[in-house]
Amino acid sequence: MTATSPTPARLAWRPLQRSTRVAIIAALAATVFYQLFLLNPAYRGPGWLWVTMLLAEGLTALHLVGTWWTILAHDDRAEAVDATVWRNRLRAGADVPTIDVFITAYGEEPALVGRTVLAARDMELEHRTFLLDDGDSDELQRIAEDAGIGYLRRPGGAHAKAGNVNAGLARTDGEYVVIFDADHVPEPGFLISILPHFQDPDVAFVQSPQSYTNNVNLVATGSGEAQRIFYELVCPGKNHFNAAFCVGTNVMFRRTALDSIGGIWTGSNSEDIWTSIELHKRGWKSIYVPQVLARGLAPEDVSAYLKQQLRWAGGGFEVLLKGRLFKRGIGLTIDQRLQYLFCGTHYLLSLAMLTFMLFPALYLLFALSPIRADGVAWATHYLPFQAAVLLVTWLQSGGFKLSAIVASIGAVPVHLRALGGVLIGRPAKWKVTNAGGQGVRSLWAVMPLFALLVLNTTAIVVGVLVMADPAPTWLSVGWASMIVLILGRMIVESITGGRIRNRNAVPVATPLAPAGAELDSRPQPVPAVA
């Protein structure tokens, strides 16, 4: 089969910058400087409030140090020569293994699924494509039949996406299995880019990034920017520790690896990361390839975004609280244990963020402050720390967008709801995100944010009217005002259903034919199975 596009070498999006290394060293120094300030008894406020701040700032520092350690481990290794040789043989039609490509669907728009179907079907290298439909859609069955690919549906829908994939595994037999979510459209060279990384027989799966194309409003842009930073800064470091984990889409598995653990993990809504843990426990390797080889859709309304965050946070907390990562003899290296730990602490940062959003109101309303220091002393210690944190991200990722911060803070209540669900043994039920959203307008979805906004607004008014000590009062007013602006922007986004469009967004045209259009490529000889 003739290649339609050249395949880039396996290089990181941005090799680790020398300036980033210097910035991380400076950030570590600033962190220690700030933590020592907080621990100084001379500045201690009310005991309970001071301890609360120490816990919040300590958690933040712990996660930041872990993140910087991961970034410094950035894997810049060039692709092995053997992989290049294998890729050339594949292009020539030699040594092509059997490959099954799964597209998982559950209630997504048929046109969206149709684009992914056609792109997956037309990828380079011989393979079989199957649409795994958990939504019992006759329209999707027709799309699959028109495209000449396999169609599989199952009764019951047990274990959600994980059960859907496992049902597909039971009815196919390819040596390798590729999984795409319904909205992730693969590039033609996906298979030929990924497959040569399996030259090591101990590699269980190869993961490529998620990349979103619909940067049309604050939610979609913020969600996409957060993902870009994760895949560009963090994932290359995880790869260095053999701790890259599956994210559920844009991934290829070795079937024998999945067979060794009984298929995709079904005991959690975050089946992807738990499957990765089970494979790593058994000594399998994973590889992260920092090439955008498929493009998907980010949620475009707040409700869809929060639904996605609830599921992801629940999975992270399950790993943190129920993963028994530091149990002896489970087969994970210390590096792998720490990397999985950081997946949970990432969402636990929302607990610290909620604490920080309450502090200004506590001072303005009740004159309570965890630190007794003048504004100059506090700013001298805090501002270098915060500036260094932002600088590391800015240098390595080539800048970032404020929408990522707004979206992250907007998800705080949902992350805490996920934590509560895991603690009481009632995690949120799996629901499809419906990527791209449907423009849902909802004040109810952001009611906790609205309560925080009212609290801080009230505190600002009261603080200004009864001002006793101008310096800390204006400092708290400034902090509370920033919180109000961020929360207000997220609330407006939810009320309008994401209809405040990004003027700089450029629609991404797709060369793929729409679902149901006449097909000009050779259909694959795979029967539809009901």
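Q: What share of the contacts in the protein between residues at least 6 apart in sequence join residues at least 24 apart?
A: Contact means heavy atoms within 4.5 Å. Among contacts in the protein between residues at least 6 apart in sequence, the share joining residues at least 24 apart is 84%. This is a predicted model, in which local features need pLDDT of at least 70 and side-chain atom pairs count only at pLDDT 80 or more, while totals for chains, interfaces and linings use all residues. Residues are numbered from 1 along each chain as its sequence is written, and side-chain values use heavy atoms, with hydrogens and water left out.

Q: How many helices and strands are there in the protein?
A: Helices (H or I, at least four residues) and strands (E, at least two) are DSSP runs, numbered from the N terminus. The protein has 17 helices and nine strands.

Q: What percentage of the residues in the protein is buried?
A: Buried means under 20% relative accessible area, exposed over 50%, and partly exposed in between (1.4 Å probe, protein chains only). Of the 530 residues in the protein, 54% are buried.

Q: Which residues have the most contacts inside the largest nonpolar core?
A: In soluble globular proteins, nonpolar side chains tend to be buried together. A nonpolar core is a set of buried Ala, Val, Leu, Ile, Met, Phe, Trp, Tyr and Cys residues joined through side-chain atoms within 4.5 Å. The largest one here has 67 residues, and Tyr-34, Trp-68, Phe-317 and Leu-487 have the most contacts inside it. Helix H12 (residues 334–366) gives the most to this core, nine residues. A second, separate core has 37 residues, including Leu-90, Ile-149, Leu-195 and Met-252.

Q: At what angle do H12 and helix H15 pack?
A: Axes are lines fitted to C-alpha atoms, for helices over the stretch in contact, and angles run from 0 to 180 degrees between N-to-C directions. H12 and H15 (residues 412–423) pack at about 125 degrees, with axes 9 Å apart. H12 is therefore oblique to H15, since angles under 35 degrees count as roughly parallel, over 145 as roughly antiparallel, 65 to 115 as roughly perpendicular and the rest as oblique. On the H12 side, the residues that meet H15 include Tyr-347, Leu-351 and Met-357, and among their partners in H15 are His-415 and Leu-419.

Q: Which residues does Tyr-176 contact, leaving aside its neighbours within four places in sequence?
A: Tyr-176 is in strand E4 (residues 176–181) and is buried, with a relative accessible area of 8%. Among its contacts beyond those neighbours are Pro-97, Ile-99, Leu-195, Phe-198, Met-252 and Arg-254. The C-alpha atoms of Tyr-176 and Ala-204 are separated by 9.8 Å, the two residues being 28 apart along the chain.

Q: What is the phi of Leu-125?
A: Most residues other than glycine have a negative phi. Leu-125, not a glycine, has a positive phi of about 80 degrees. It lies in the loop between helix H4 (110–121) and strand E2 (128–133), and is buried at 4% relative accessible area. His-159 also has a positive phi, near 60 degrees, but this residue is exposed, at 52%. The loop holding His-159 runs between strand E3 (150–153) and H6.

Q: How many disulfides does a search of the whole structure find?
A: A disulfide is a pair of cysteine sulfur atoms within 2.5 Å. The search finds zero. For Cys-235, the nearest cysteine sulfur is that of Cys-343, 9.0 Å away. Cys-235 is buried at 7% relative accessibility, and Cys-343 is buried at 11%.
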